[in-house]
Amino acid sequence: MVIHVALNQNGYDICFSHGILFRAGEILDLNRKVFIVTDTGVPPVYADTLLKQCAQGHVYTIPQGERSKSIFQFEALLSKMLELGFTRKDCVVAVGGGVVGDLAGFTAASYMRGVDFYNVPTTVLSQVDSSIGGKTAVNLNGIKNIVGAFYQPKAVLIDPDVLKTLPVRHISNGLAEALKMSLTSDGALFDLFEHGDVYENMDTVITRSIEIKKSVVEQDEKEQGLRKILNFGHTIGHAIESEEDLHGLYHGECVALGMLPMCGTQLRPRVKKALEKLSLPTEIEMDEAVIMQAMKHDKKSESSGIAVTTVNTPGAYVSSIMQPEELMDRLQCIIKR
Ligand SMILES: NC(=O)c1ccc[n+]([C@@H]2O[C@H](COP(=O)([O-])OP(=O)(O)OC[C@H]3O[C@@H](n4cnc5c(N)ncnc54)[C@H](O)[C@@H]3O)[C@@H](O)[C@H]2O)c1
């Protein structure tokens, strides 16, 4: 299946197919120098499979984990490309999750003011979300994604077979983002989360999520408006995440917690059940005042209140400015007493 992302400039194809990794050379232009970026947690067989299809490939493996999304790693990648004599006509391929994709994408955007970038996402989160839309970034001074660029890939190759090696907690983590997209944009997909067998229908979940994200990105490439709906659950989620050293929660798990207060009271128990089915957290031992404080530092916080997206009916969202008192009140539903 090929899903085309139609942008004014720099449109590209997302190619979804079982085993497509083994046919990458038929789809991507690998007949040049290819800088393959992966991490130590990604089974090396995926990068090696790609390497075998390159004319002149080089695999660069970064340590797994969010800490690799750093200026230090960014510089290391650029230096290696320079050392290997990469030119503007060569390309970078990310083989990994969102960490590898964001870092390799930003490297591709910057090297010689931009070389071709291909993304081969290997986690659920990166297949349904981060590989689409061209956001690339590294973290700086503890602030996530604060340095980066909008830089669209030339193509995205999604092989769901690679998810067979992904730990189950990371599968659920990515599904939280898919569930988020169903709530704002696709009632039928939420129905699958609520009543169906998600794991038996992973292809449907992934492709439907891609369709939603693609449609949003096509209408708002650089997050001027509509794209903010992708941040549903993220205002509270990011606030919880900023305390992550204490709780060790993954991004999608924080988003799961962040979505619940933003659902209408009738919908909330249904979403809670859907999250529990995926073994995602629905409660946290954290002081609501701590979450509120962290939210005040968030970029979505405005002087008149906090910009939020809420959902009362699956598939339909409401954007509004919420007063801190109301937010505090809504937060109660996720605080473990
Ligand atoms: N660019 C965007 O639009 C966007 C959107 C959402 C999130 N993000 C970013 O994505 C990152 C999180 O991405 P993630 O959840 O994919 O985390 P990740 O990239 O850290 O991957 C999770 C773990 O899974 C391992 N792994 C990857 N593929 C595997 C496989 N097939 N089998 C076994 N192990 C595998 C990795 O080594 C890592 O340890 C964050 O940095 C976040 O900021 C970016």
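Student: Okay, two strands pair if DSSP finds at least two bridges between them. With that in mind, what is the bridge partner of V2 in strand 2?
Tutor: V2 has C15 as its bridge partner in strand 2. Keep in mind that this is a predicted model.

Student: How many bridges join strand 1 to strand 2, and do they run parallel or antiparallel?
Tutor: Strand 1, residues 2-5, is joined to strand 2, residues 12-16, by 4 bridges, and the two run antiparallel. Together they make a hairpin, with 6 residues between the strands.

Student: Which residue in that turn has a positive phi?
Tutor: That is N10, with a phi of about 60 degrees.

Student: And what stands opposite C15 in strand 9?
Tutor: L157 does. Strand 9 covers residues 155-158, and its pairing with strand 2 is parallel, over 4 bridges.

Student: Let's zoom out. How many helices and strands does the protein have?
Tutor: There are 14 helices and 12 strands. The radius of gyration is 20 Å, close to the 20 Å from the globule rule for 337 residues, so the protein is as compact as a globular protein of that length. Its C-alpha trace spans about 60 × 40 × 35 Å along the principal axes.

Student: What share of the residues is buried?
Tutor: Buried residues make up 47% of the 337. Also, among contacts with a separation of 6 or more, 70% come from residues 24 or more positions apart.

Student: New topic: where is D186, and is it buried or partly exposed?
Tutor: D186 sits in the loop between helix 6 (168-185) and helix 7 (187-195). D186 counts as partly exposed because it has 19 C-beta neighbours inside 10 Å, and being buried takes 20 or more.

Student: What is D186 in contact with, beyond its neighbours within four places in sequence?
Tutor: Its contacts there are M181, R208, I212 and G315. P314 is 128 residues away along the chain, yet its C-alpha atom is 6.8 Å from that of D186.

Student: Now the ligand. Which residues are closest to it?
Tutor: Those are G41, G97, G98, T123 and S130, out of 29 surrounding residues. The shell divides into 7 nonpolar, 15 polar and 7 charged residues. Helix 4, helix 5, strand 8 and helix 6 each supply at least two of the shell residues.

Student: And why does the ligand lie between domain 1 and domain 2?
Tutor: Because domain 1 (2-165) and domain 2 (168-334) both give residues to the shell around the ligand.

Conventions. Residues numbered from 1 in each chain as written. Predicted model: local features only at pLDDT ≥ 70, side-chain atom pairs only at ≥ 80, totals over all residues. Rg over C-alpha atoms; globule rule 2.2 N^0.38 Å. Buried ≥ 20, exposed ≤ 12 C-beta atoms within 10 Å, placed from the backbone. Contact = placed C-beta atoms within 7 Å. Near = placed C-beta within 6 Å. Nonpolar A, V, L, I, M, F, W, Y, C, P; charged D, E, K, R; others polar. Domains from an automatic or database assignment.
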